[in-house]
Amino acid sequence: MFGALAVSTGAYAMVLINAAGATFPAVIYQKWFEEFKKSHSGAQINYQPIGSGGGVRQLTEGTVDFGASDFPLTNEQIRKIGKFHALHFPTVMGGVVPTYNVEGVTKDLNFTGPLLADIFSGKIAKWSDGAIAKVNPGVKLPNIDIVVVHRSEGSGTTFVLTDYLSNVSPEWKSKIGTGPIVNWPSGLGAKGNEGVAGQVKQSPGAIGYVELFYAIQNKMPYGAVQNQAGKFLKASLESVTEAAAGAAKAMPDDFRVSIVNAPGANAYPLSTFTWLLIPDSIPDAGKKKAIVEFLHWMLTTGQSYAAPLSYAPLPKSVVAKEEAQIAKIH
């Protein structure tokens, strides 16, 4: 079904690989799959950005060749797949940002973790609330309702936000908790990072959460979040990279790690790795060869595409561990 890789040209006999999952890294994944095809003609990877929850579900049901998620699978989720073991491959790092639509506010707003928890839980319902004004001195905040916009489907971006809020707010942790889907007390649901960005943009008084690229692409304001060191920081390649620095030194062998609320003077607190979920057993020899080739390409050439698309490239120590893990695919 699938011919050998021609070393001199990178040419393949036609092989089609289907994948689905996270919208958080969809921008770079679509770029990667397009560029990979140029140098490996015949190997086509189709990616459907349906949300991390959908990617995990389709991988479990066997309707895709691999999945993508912004949250690592639990032991139970791995067991549920059954047919194979899902290997986690971190691909890039990114930041989740609070983006808002508040007329008349031109300055970047500051948010603490507990303040975001109170806003997203509906406890703080007006932009003029004293708790928001306290960390934004000199900003004239209008007395209008806050409209919370959240993801409507199982989402890794939601997981990152709720994981962070559970870290900084005991009340959030006990009442709402962490997960790709949570019971939102109020607000509007939208599908995908692009859907949340669009809903915030068209809803006066709205606040939502998206991956950094989507805020930049849509020219939307996004706030600075107070980190563990007490500093208000906006997401950037540098602040996301610093958040990963500690985790990179002690990266677990299975790559399942959270870097929210990481220590470090300049660490952005809503940072995350994002993962491809690759079966350790791929019976189709053609697909296996193409996926292995792609993983090597992603960890080398592919990393150069990260920064221009507002993602942080992987630390070199993590790349080296992943290169070794590729050998587990059989």
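Visitor: Which helices each supply at least two residues of the lining of the largest pocket?

Guide: Helix 2 (52-61) and helix 3 (75-81) do. Helices here are DSSP runs of H or I with at least four residues, strands are E runs of at least two, and both are numbered from the N terminus. This is a predicted model, in which local features need pLDDT of at least 70 and side-chain atom pairs count only at pLDDT 80 or more, while totals for chains, interfaces and linings use all residues. Residues are numbered from 1 along each chain as its sequence is written, and side-chain values use heavy atoms, with hydrogens and water left out.

Visitor: What makes something a pocket and not a cavity?

Guide: It's all about the way out. On a 1 Å grid over the protein atoms alone, a cavity is a set of points where a 1.4 Å probe fits but cannot get out, whereas a pocket is an open set with protein on both sides within 12 Å along at least five of seven lines; a lining residue has an atom within 4 Å of a point. The largest pocket has 15 lining residues, with Gly 53, Gly 54, Val 56, Arg 57 and Gly 154 nearest its centre. Helix 2 gives the largest share of that lining, six residues.

Visitor: How do you know the volume of the largest pocket?

Guide: Points joined across faces, edges and corners carry probe spheres, and the space those spheres fill is the volume. For the largest pocket that comes to about 260 Å³, and for the second largest pocket to about 220 Å³. Asp 65, Phe 84, Pro 279, Ser 281 and Pro 283 lie nearest the centre of the second largest pocket, among 14 lining residues.

Visitor: And how many cavities of 30 Å³ or more are there?

Guide: The whole structure has one. The largest cavity has a volume of about 70 Å³. It is lined by 14 residues, and Phe 159, Asp 163, Val 257, Ser 258 and Thr 272 are the closest to its centre. Strand 11 (271-279) supplies four of the lining residues, the largest share.

Visitor: What makes strand 8 "mostly covered"?

Guide: Buried means under 20% relative accessible area, exposed means over 50%, and partly exposed is in between (1.4 Å probe, protein chains only). In strand 8 (residues 206-211), six of six residues are buried, so by that cut-off the strand is mostly covered. Both faces take part: Ala 206, Gly 208 and Val 210 are buried on one side, and Ile 207, Tyr 209 and Glu 211 on the other.

Visitor: Why are strand 4 and strand 8 said to pair?

Guide: Because pairing takes at least two bridges found by DSSP, and strand 4 (residues 86-101) and strand 8 have six, in the antiparallel sense.

Visitor: Why is strand 1 called largely enclosed?

Guide: Five of the seven residues of strand 1 (residues 15-21) are buried, so the rest of the structure largely encloses it. Strand 1 pairs with strand 2 (residues 43-49) in the parallel sense over seven bridges, with Val 15 opposite Ala 43.

Visitor: What makes a set of residues a nonpolar core?

Guide: Its members are buried Ala, Val, Leu, Ile, Met, Phe, Trp, Tyr and Cys residues joined through side-chain atoms within 4.5 Å. The largest one has 112 residues, and Ile 207, Phe 273 and Leu 276 have the most contacts inside it.
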